[in-house]
Amino acid sequence: MEGASISANPRTVDEVFKDFKGRRSGMLKALITDVEDFYRQCDPEKENLCLYGFPDEAWEVNLPAEEVPPELPEPALGINFARDGMQRKDWLALVAVHSDAWLLAVAFYYGARFDKNERKRLFNMINELPTVFDVVTGKKPVKEKLAVNNISGTKAKPAAKVVTQAKPAKPAPLPQKDEEDALDDEDEEEHGDTFCGSCGGPYTADEFWIGCDICEKWYHGKCVKITPARAEHIKQYKCPSCTNKRART
């Protein structure tokens, strides 16, 4: 990928910090100043997309690098797939969190050869800046010269009615142990022929499950990286297999 290649490796703490600030500014532009363009480019119908920030404060939505291993740590993969399954502000906040993680990964990839004091100085310099998540969610004001849109004031879709099917979690403890065991046994008997579409494990009542609305297969939430809290914001869940099929089509 042309934009993601290393033009000049920063070698000092100040150079790595300058690289960090440039990439961070690019991502803030994507998520705040150019948010409409960024939102449009993250089409869920496309293949796995990533958000890249560059040292010159530019940003780009593109496919991941093809090199294995990549020249630099790669940002979160497939940010576009979750776009229409969440409220806009929640999706932007999720992308912001992953952007912070990637920025730190790149900075300490460059700083891996620094000694203890240099790494500490680098982290302290980075820590003085508000995170991308802080800025996008409004926790911290934007100190950089960015034309900030009011993200929270943008028109968002109404809270979605959760149509995603999920296997019931383990019931709350009941006064009598035998009643709790009876409920668990009844639930596991009802879903005894259900197996995770990812790991093949059988259904158990004490784990969170989620069902694909396309192929109707069931998955452990942990196998497809979906939590009960995140499932509440998903209007229609597509499992990784159905998502990839649709992308190839």
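This report walks through the helices, strands and loops of the chain shown above.

## The big picture

Before we start, keep in mind that this is a predicted model. The chain is built from 8 helices and 4 strands. If you trace the elements starting at the N terminus, you read α-α-β-β-α-α-α-α-β-β-α-α.

How much of the chain is buried? Of its 249 residues, 38% are buried. Take the contacts with a separation of 6 or more: 64% of them link residues 24 or more positions apart.

## Helices α1 and α4

Let's begin with helix α1, which covers residues 13-33, and helix α4, which covers residues 116-127. Their axes come within 10 Å, and they cross at roughly 30 degrees. Angles under 35 degrees count as roughly parallel, so α1 and α4 are roughly parallel to each other. The way α1 passes α4 is a right-handed crossing.

Which residues meet here? On the α1 side you'll find V13, D14, V16, F17 and F20, and on the α4 side E118, R121, L122, M125 and I126. Sorted by class, this contact of α1 with α4 has 7 nonpolar residues and 3 charged ones, with no polar residues.

## A closer look at R121

R121 has its place in helix α4. Is R121 buried, partly exposed or exposed? With a relative accessible area of 42%, R121 is partly exposed. A residue counts as buried under 20% and as exposed over 50%, so R121 falls in between with its 42%.

Now set aside the neighbours of R121 within four places in sequence, and R121 is in contact with V13 and D14. R121 also shows how sequence and space can tell separate stories. R121 and F17 are 104 residues apart in sequence, yet their C-alpha atoms are 9.9 Å apart in space.

## Helices α3 and α4

Helix α4 has a contact with helix α3 as well, and α3 spans residues 88-110. The axes of α3 and α4 come within 11 Å and cross at roughly 155 degrees. Since angles over 145 degrees count as roughly antiparallel, that makes α3 roughly antiparallel to α4. The crossing of α3 and α4 is right-handed.

From α3, the residues making this contact are L104, A107 and F108, while α4 brings in R119, L122, F123 and I126. By class, the contact of α3 with α4 has 6 nonpolar residues, 1 charged residue and no polar ones. Look back at α1 and you'll spot L122 and I126 among the α4 residues that meet it.

Time for some strands. Strand β1 (residues 50-53) pairs with strand β2 in the antiparallel sense, over 4 bridges. Which residue is the bridge partner of Y52 in β2? That partner is E60, while G53 has W59 as its bridge partner in β2. The hairpin has 5 residues between the strands, and E57 in this hairpin takes a positive phi near 70 degrees.

In a regular strand, the side chains alternate between the two faces of the sheet.

## Two loop residues with positive phi

Finally, check out two residues in loops. E216 isn't a glycine, but its phi is positive, at about 65 degrees. Where does E216 lie? It is in the loop between β3 (209-211) and β4 (218-220). E216 is exposed, and its relative accessible area is 62%.

K225 is another residue other than glycine with a positive phi, this time near 60 degrees. You'll find K225 in the loop between β4 and α7 (228-231). K225 is exposed too, with a relative accessible area of 68%.

Terms used:
Residues numbered from 1 in each chain as written. Predicted model: local features only at pLDDT ≥ 70, side-chain atom pairs only at ≥ 80, totals over all residues. Heavy atoms only, no water. Axes fitted to C-alpha atoms, helices over the stretch in contact; angles between N-to-C directions. Parallel < 35°, antiparallel > 145°, perpendicular 65-115°, else oblique. Left-handed = near helix turned anticlockwise from the far one by under 90°. Contact = heavy atoms within 4.5 Å. Nonpolar A, V, L, I, M, F, W, Y, C, P; charged D, E, K, R; others polar. Pairing = 2+ DSSP bridges. Buried < 20%, exposed > 50% of the residue type's maximum accessible area, 1.4 Å probe, protein only.
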